[in-house]
Structure formats: C-alpha cells, structure tokens
Amino acid sequence: MDDQPEPAAPRQRWRWSGWRAGTVVVGLVCGGLFVVSAQSSQGTDLRPGRYDDLAAITDSEADRAAALQARVADLTQEVRGLTDEVDDADVRSNQRRDRQLEGPAGLQPQTGTGVVVTLSDAPEDVVDSTSGDKKLLVVHQQDIQAVVNAMWKGGATAVVLQGQRVVTTTGIKCEGNSVVIQGRPYPQPYVIEAVGDVGDLTGAIARDSYLQIYREQADDPEIAVGWDLDIDDEVTAPAYDGLLDLSYATPVAPPGQTGR
C-alpha cells in the first residue's frame, strides 16, 4: 500500500480547468468594457489632453463665446433690418423711442477722455516664495467689481471691461483661474476702462475704501498684486452687442393653491 501513488492528478486537472475558465471570463469582461468605452467615446478620446491645460481651455471657450456673440450680433442686425421694413405707424413710433434709449442703455459707442485701470495677479516669484495666504495674490471678481462701481460713482458715462461694454445686465464671476464676463472666460490681466471726467473718476477711485486696501497690498512686496491707473485722452467704448432678453425664475405655487 505504501507504493500506491496519491490521487493528486484529478485535483491538478480541476485547477487547470478553472484557470482556463477564469481566463475566458476575464477576456469576455475586458472585451465588453472595450465595446462600452468605444460607444461612449463616439470615436473620441475619453480623456483628451486639452483638459490638462487650463489656459488652452480658457482660450478655447473664449473663442467659442466670441463666435456665439458674433452670431447674436448678426441676428440682431437682421431683426432690426426686417423691423425697419415694416410700414406701420406704431412700429415707427416704438423705434424712435428705442433709439432715444440706446445711448443710456449702452447700445451706442462712446469716445472721450477717461481712465484705464489694469489689475493683475502677483508675479510668479512672489507666488512661489510666499508663506502667507495665496488668495491675496490673485485678482478676484470683487476686485474688478470694486473698480467698476467706483467708476460709476465717479460719473462714468461708459465702462468697458476686457473690451466688452458693461451694461446693467453684465455679470462678473470667478471660475477657476479665470473670470467670466457675460459668459466669456478671460485670464488676467484685467483691463477696465471708463469714459468720463478724469478728475471725478480718479477721485472716486482714490476714495473707495476697498480699493485703498487693494492698493496697499499692491505696494506690499510680499503680495504685489498688480495695480496700474492711466489717464487716456481717448477711451473708446464699443456698443454692447450681447443678448438683451432676461431669463429669471418664477415661484411655484404650493399644491392646491393657484397664483394670484
């Protein structure tokens, strides 16, 4: 009995068969994943390299927004041309009233003396060497808004931000390392121009308490955010050519109640 071999062969064959079956299952799962990925990507890269470059994203989105704004301007001009062709007394009366309001609404270009303020992030060497709050080293939307508001207080007749006319519906907000203005992202530096009396404009900017703190931080070598104010004999404010329609939310009446 000592010379009889142990029954190990059947167990070895079972292990080998299980390994083969597992390999087949793994192959089928991988193939299924490849098919799902191909269908999801629609022939494109699921992880395109452009997402690694924030500056490239900003430029791409800015170009896309500019193209859409140009399309809006073309359609608006087309609507105006078709409206002018309507031979109706009421239409002509409304058109005359609209033209009188185009100037105050920012729909007509303006040119005159004024000031130009440029805001920018701190230099890279300051950012790399600082041990303090790095939020102080970049320009935020509230910094831009403070300059714009001071210009309005100083009697500006027109304000331009990054080449776009600022109107009552202009929105300014931070998104990542850029600031979005009227739906279009812009990297720093931020150029704010105003048409108006130079003395009144510079006085309003100098008296603004928020901007006083900003300028102190601009003079601080450990912060060194960019601040530059220039007087310009000819500031040109282009006409606003964006959307004029407003979108807003309305309250929903509770169940069982009707609106009044």
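**Exercise 1. Determine which strands helix 5 lies across in the five-stranded sheet, and at what angle to strand 7 it runs.**

Solution. Start with the helix. Helix 5 lies across strand 1, strand 2 (158-161), strand 7 (190-195) and strand 8. Its direction makes about 10 degrees with strand 7. Contact here means heavy atoms within 4.5 Å. Axes are lines fitted to C-alpha atoms, for helices over the stretch in contact, and angles run from 0 to 180 degrees between N-to-C directions. Helices (H or I, at least four residues) and strands (E, at least two) are DSSP runs, numbered from the N terminus.

Next, take helix 7. Helix 7 also packs on the sheet and touches strand 1 and strand 8. The angle between helix 7 and strand 8 is about 120 degrees.

The model is predicted: local features need pLDDT of at least 70, side-chain atom pairs count only at pLDDT 80 or more, and totals for chains, interfaces and linings use all residues. Residues are numbered from 1 along each chain as its sequence is written, and side-chain values use heavy atoms, with hydrogens and water left out.

**Exercise 2. Work out the strand order of the five-stranded sheet and state which strands stand at its edges.**

Solution. The sheet is open, with the order 3-2-7-1-8 and antiparallel pairing. Two strands pair if DSSP finds at least two bridges between them. Now the edges. Strand 3 (164-165) and strand 8 (226-237) each have a single partner strand, so one side of each is left without a neighbour in the sheet.

Then follow one pairing. Strand 1 (residues 110-120) and strand 8 are joined in the antiparallel sense over 10 bridges. Thr118 stands opposite Asp228 in strand 8.

**Exercise 3. Characterise the packing of helix 6 with helix 7.**

Solution. Geometry comes before residues. Helix 6 (residues 198-207) and helix 7 (residues 209-219) pack at about 75 degrees, with axes 5 Å apart. The two helices are therefore roughly perpendicular to each other (65 to 115 degrees; under 35 counts as roughly parallel, over 145 as roughly antiparallel, the rest as oblique).

Helix 6 contributes Ile205, Ala206 and Arg207, while helix 7 contributes Ser209, Leu211, Gln212 and Arg215.

Arg215 also lies over the face of Trp227, 5.6 Å from the ring centre. The criterion is NZ of Lys or CZ of Arg within 6 Å of the ring centre and within 35 degrees of the ring normal.

**Exercise 4. Locate the cis peptide bond and the residues other than glycine with positive phi.**

Solution. Recall the background: most residues other than glycine have a negative phi, and most peptide bonds are trans. The bond from Gln188 to Pro189 is cis, with omega near 5 degrees. Pro189 sits in the loop between strand 6 and strand 7.

Gln182 has a positive phi, near 55 degrees. Its place is in the loop between strand 5 and strand 6. Ala224 has a positive phi, near 55 degrees, and is found in the loop between helix 7 and strand 8.
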